[in-house]
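Subject: Structure for your study

Dear colleague,

Please find the structure below, followed by an account of what was found in it. I would be grateful if you read the two side by side.

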2 protein chains.
Amino acid sequence: MQGTETPTSPSSADAYTPTDRTVPTRSADRASYDRELVHAILDEGYVGHLGFVRDGRPVVLPTLYGRVGERLYVHGSTGSRPLRMTGQADPGLAVCLTVTHVDALVLARSAFHHSINYRSVVVHGIAHDVTDPQEKRAALDALVDHVVPGRSADSRPGNKKELAATAVIRLDLDEVSAKLRTGGVNDEPEDLSLPHWAGLVPLRKGYGDPIADGDLAPEVPLPGYLTVS
Amino acid sequence: MQGTETPTSPSSADAYTPTDRTVPTRSADRASYDRELVHAILDEGYVGHLGFVRDGRPVVLPTLYGRVGERLYVHGSTGSRPLRMTGQADPGLAVCLTVTHVDALVLARSAFHHSINYRSVVVHGIAHDVTDPQEKRAALDALVDHVVPGRSADSRPGNKKELAATAVIRLDLDEVSAKLRTGGVNDEPEDLSLPHWAGLVPLRKGYGDPIADGDLAPEVPLPGYLTVS
């Protein structure tokens with residue numbers, strides 16, 4: 001993805017410490033370790049892509065996730081593959097969880113300079129099974145609130161059977177980096193007069209019109225948290 | 001992700017052959033191997049998540065991609081990590097490329113049945129460096145046309161220097177599966193009368209208003225392919 005440079009954040013208590021794994025080989029100027037930025041990108045996403053190694057081969061699966069402070073949680077059926085792998089291995093499962101937002105298409109006059117504006121976070125770490133019931137409950141609340149902020153307080157909490165059927169793994173935010181492209185078109189000076197349209201095409205975000213469940217009692221109103229897009 | 005079942009497609013010439021890697025351990029009823037469905041999901045995406053193994057650990061990076069028939073192409077700087085790894089290894093690089101669309105949030109009355117409607121494709125395979133100049137050029141066209149269909153014909157093609165600076169890897173669509181959740185809320189019968197709003201919240205898709213580059217000559221019109229959302 002070609003493009004404009006985004007300033008790198010300073011290394012401080014408000015930033016993650018870069019490691020060999022989190023310093024990109026290319027476009028290092030687009031990397032950031034700023035905690036606030038990382039949290040914001042994570043909180044805006046719906047689905048992360050969880051990578052792990054199975055029989056020596058990479059596997060990448062989409063997954064819901066939630067964040068509580070400096071910890072991410074991923075849940076799934078106790079029978080699902082990565083969650084079973086976590087439980088089996090005492091030292092945990094090496095994972096990489098990546099969250100990406102595509103903000104705009106960048107149409108340059110030259111094919112080469114086409115790009116997208118995006119914001120992504122890559123988290124490397126060891127995922128561990130969450131066994132403490134209180135942590136597990138808080139993690140599941142965070143997962144629901146991640147889909148719609150405030151929703152866990154407006155739904156029936158999980159019962160014993162549901163909690164038992166759900167496995168939760170946690171991943172500490174420790175080895176983390178953000179990468180982003182912002183700004184406009186980055187064409188070569190000699191291409192500026194070419195007759196091709198150039199610019200940004202932002203992608204629309206937000207909620208469409210909610211569709212109430214057919215069994216919903218008519219007196220139940222649309223909650224306020226769904227009217228804010 | 002809890003939810004409604006989506007029928008599995010038949011295994012035929014129009015479908016990919018399931019393998020151990022592409023049959024999910026859970027929610028197998030949501031899996032599909034239908035070629036047309038897989039192509040449609042891939043073609044709708046902007047960014048895929050490319051997983052590979054580095055020093056025994058998983059790495060997942062967002063990447064642009066393009067499709068030509070039964071082949072995916074990923075490009076990047078010749079200096080980027082996965083692309084260098086592909087070039088180095090004679091037998092290619094084992095990768096997993098996953099593309100996911102989030103279509104709607106599924107708000108159930110119970111926390112447990114919250115979910116999202118999504119469509120994803122997971123491609124397992126060995127990525128190879130593209131060295132044939134003609135294939136490389138076609139791949140780069142496909143990458144640009146993937147961002148905006150028809151765009152490669154309306155931009156300056158890459159020159160020798162640009163082509164040399166760009167590495168392209170290819171991944172055959174062979175070991176492939178789609179997984180999707182569609183439909184509505186899947187609450188327990190005893191929860192239907194709870195006072196919580198339940199239903200689908202679709203996510204908006206499509207183009208926002210294009211923002212022309214500041215250097216764009218005023219006589220260059222907005223192309224028709226950008227007015228269709």
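A salt bridge is a side-chain nitrogen of Lys or Arg within 4 Å of a carboxyl oxygen of Asp or Glu. By this criterion the side chains of B:Arg151 and B:Asp154 form a salt bridge, with 3.8 Å from N to O. B:Arg151 is buried, at 0% relative accessibility. Please note that the model is predicted.

Over all chains, the structure holds 30 salt bridges. One of them links the side chains of A:Asp191 and B:Arg156 at 2.7 Å, N to O. A:Asp191 belongs to the loop between strand 8 and strand 9 of chain A, and B:Arg156 to the loop between helix 3 and helix 4 of chain B, so the pair joins two chains. Both A:Asp191 and B:Arg156 are buried.

Another salt bridge is formed by B:Arg71 and B:Glu135, whose closest N and O atoms are 3.1 Å apart. Because B:Arg71 lies in strand 4 of chain B and B:Glu135 in helix 3 of chain B, the pair ties together parts that are 64 residues apart in sequence. B:Arg71 is partly exposed, at 26% relative accessibility, while B:Glu135 is buried, at 17%.

As for the strands, seven of the eight residues in strand 2 of chain A (residues 47-54) are buried. Strand 2 of chain A pairs with strand 3 of chain A in the antiparallel sense over eight bridges, and A:His49 stands opposite A:Pro62. Strand 2 of chain A also runs antiparallel to strand 5 of chain A, joined by four bridges; there A:Phe52 has A:Val95 as its bridge partner.

Yours sincerely

How values were computed: Residues numbered from 1 in each chain as written. Chains lettered and ligands numbered in written order. Predicted model: local features only at pLDDT ≥ 70, side-chain atom pairs only at ≥ 80, totals over all residues. Heavy atoms only, no water. Buried < 20%, exposed > 50% of the residue type's maximum accessible area, 1.4 Å probe, protein only. Pairing = 2+ DSSP bridges.
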